[in-house]
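Trainee: Could you walk me through this one? I'd like to start with the ring pairs.

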Amino acid sequence: MNPEPRVGGDAETAPRTQSQSSPTGDVSALKTSPAGDSAEAIAPPRSTDAVLETHNLSVYYNTLLALREITIAIPRNRITALIGPSGCGKSTLLRCFNRMNDLIPGARSEGNLWFEGVDIAASSTDPVTLRRRIGMVFQRPNPFPKTIYQNVAWGARINGYQGDMDELVERSLRRAALWDEVKGKLRESGLELSGGQQQRLCIARTLAVEPEVILMDEPCSALDPVSTARVEDLMDDLKDEYTIVIVTHNMQQARRVSDMTACLMPDEALADGHRTGVLAEFSATDRLFTNPKDPRTEAYITGRIG
Amino acid sequence: MLNHFFRDMERLTCEILKLAATVEELIHTAIHALCDSRADLADRVLRSDEAIDDWEVRIEEECLKILALHQPVAVDLRRVTAVLKINNDLERMADLAVNIAERAIYLNKYCKGAAIPEKLEAMTAVAIRMVRGSLDAFVNLDADKARAIRALDDEVDRYNREIIDDLKMSMRSDPDRIEAGLELFSATRHLERVADHAANIAEDVVYLKEGEIIRHHHNLH
């Protein structure tokens, strides 16, 4: 159920519909046809604070219900952590946000899902443009087998970037806090770097196409504590310009880095052992970890279940 | 790891309750020494202070160890922080018991036969009820009881005012009573402070149970 995506959602083949667009607004860029939305779609909420919003979102893999009726609003310029035990649908929810689930055979969703007020799941929404604006960083660092420079430049070039590529590569590597470590060896393979450096390279690659949202699926689980700390510091630096959603199994990490935390929990297990994820609680991180309101959240974060 | 944590927490709770029982006894003894001119009891209070101080430090170290090693969250985090604060309040209460015992020693030495204010006994009863009640509320995680205990502080404050007014009057009427009056004045103030610390503990219990800090919300009982 977890295909190793070939690229980080940032290097899909499509010309950029809006080059150098401002990171906010610009909703029309997502649509390839203006008349696509289905008639019964309910009106998107126009909360200016939320970048991504779902309303009663349910996700199925074939006949199995993976997520049930998730309603959540991801705030702008904040880091939102998705936590919960294995199999509760954290990664499934994350992948809904840039339609990575499209790549999974048998995956389908019900309910509503908006990015800046635009229906993400609508057939009129171009997934390639969507993934340029909502980038993704994966669990295992997955640089291309190319030079460090090419890794960063690739997505931007494919998207028709017309500016100074050297400048873009340097800027992206600097924002990913990797420049000082690689500036003397940009022509070496990205695969030569350490795991932590590779992950920051993947973040630089994501930043190079100038997304508005960065989805991170356990970005530090394959990294040592020092590399983890660097990526966490980086996330903190990035949130001024980006909205970040991170799936993590590491609750200390959720506490350290995130502003908001959503705790997903498996509903009762079905006879075949399959479990359906529901949203137990979504609150400010400090609140959730000092005084959770939901007993399932409390039991999970204090280690009494899960 | 979790069993380890539960074991550490259990030991911590056990320690703080033992300290609480000892401090409660100390307050009792100090007041007894004052009211009944028992210098021997006052000496006993003075001698136990050092052991209480060491005990407080040990409990604090245990709390810090748990915070560092287990990084507790939610109710577990609130419990460790509550213990840290209660520990501090208990140590201060023990100091106040020592202060009361010192007043008892002085009175016994220099003001033999000084009249002890009648209301002091009633005030002591309420203060001790607060100390015991706040710790019962802690043991039973009873926020309602904690709120009721905290409300008793007004009663102690009232006694405090009345006793001090009486002492002032007595000192005005007879300058020979000034020396004893000042000693009793400060013993009363110390007892009032003991009740304040009990009220703090009650507030910590409400936080532990409900996650709400009610300190300084004087109208919400």
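Mentor: Happy to! Over all chains, the structure holds three aromatic pairs, where rings of Phe, Tyr and Trp (its six-membered ring) pair if their centres lie within 6.5 Å. One of them is B:Y106 with B:Y110, a tilted pair with 4.6 Å centre to centre and 50 degrees between the planes. Planes under 30 degrees apart count as stacked, over 60 as edge-to-face and the rest as tilted.

Mentor: Before we go on, this is a predicted model, in which local features need pLDDT of at least 70, side-chain atom pairs count only at pLDDT 80 or more, and totals for chains, interfaces and linings use all residues. Residues are numbered from 1 along each chain as its sequence is written, chains are lettered from A and ligands numbered from 1 in the order in which they are written, and side-chain values use heavy atoms, leaving out hydrogens and water.

Trainee: Got it. Where do B:Y106 and B:Y110 lie?

Mentor: Both are in helix α3 of chain B, four residues apart, about one turn of the helix. Helices here are DSSP runs of H or I with at least four residues, numbered from the N terminus.

Trainee: And is B:Y110 buried or exposed?

Mentor: B:Y110 is exposed, with a relative accessible area of 54%, while B:Y106 is partly exposed at 26%. The cut-offs are under 20% for buried and over 50% for exposed, with partly exposed in between (1.4 Å probe, protein chains only).

Trainee: Switching to charges: how many salt bridges are there over all chains?

Mentor: The count comes to 36, taking a salt bridge as a side-chain nitrogen of Lys or Arg within 4 Å of a carboxyl oxygen of Asp or Glu. Among them is B:R103 with B:E183, whose closest N and O atoms are 2.5 Å apart. That pair links distant parts of the chain, with B:R103 in helix α3 and B:E183 in helix α7 (residues 178-210) of chain B, 80 residues apart. Both residues are buried.

Trainee: Nice. What does B:K65 pair with?

Mentor: B:K65 forms a salt bridge with B:E62, at 3.5 Å between the closest N and O atoms. They are three residues apart in helix α2 of chain B, so about one helical turn separates them. B:E62 is buried at 17% relative accessibility, whereas B:K65 is partly exposed at 32%.

Trainee: What else does B:E62 touch?

Mentor: Leaving aside residues up to four places away in sequence, B:E62 touches B:D8, B:R11 and B:L12, with contact meaning heavy atoms within 4.5 Å.

Trainee: Now the interface. How many residues of chain B are in contact with chain A?

Mentor: 13 residues of chain B are in contact with 12 residues of chain A. The area buried between them is about 1,000 Å², with carbon and sulfur atoms giving 45%; buried area is the accessible area (1.4 Å probe) that two parts lose on being put together, summed over both.

Trainee: How many salt bridges cross the interface?

Mentor: The rule finds two between chain B and chain A. On the side of chain B that touches chain A, α1 (2-35) and α3 (74-110) of chain B each supply at least two residues, and α3(B) gives the most, with five.
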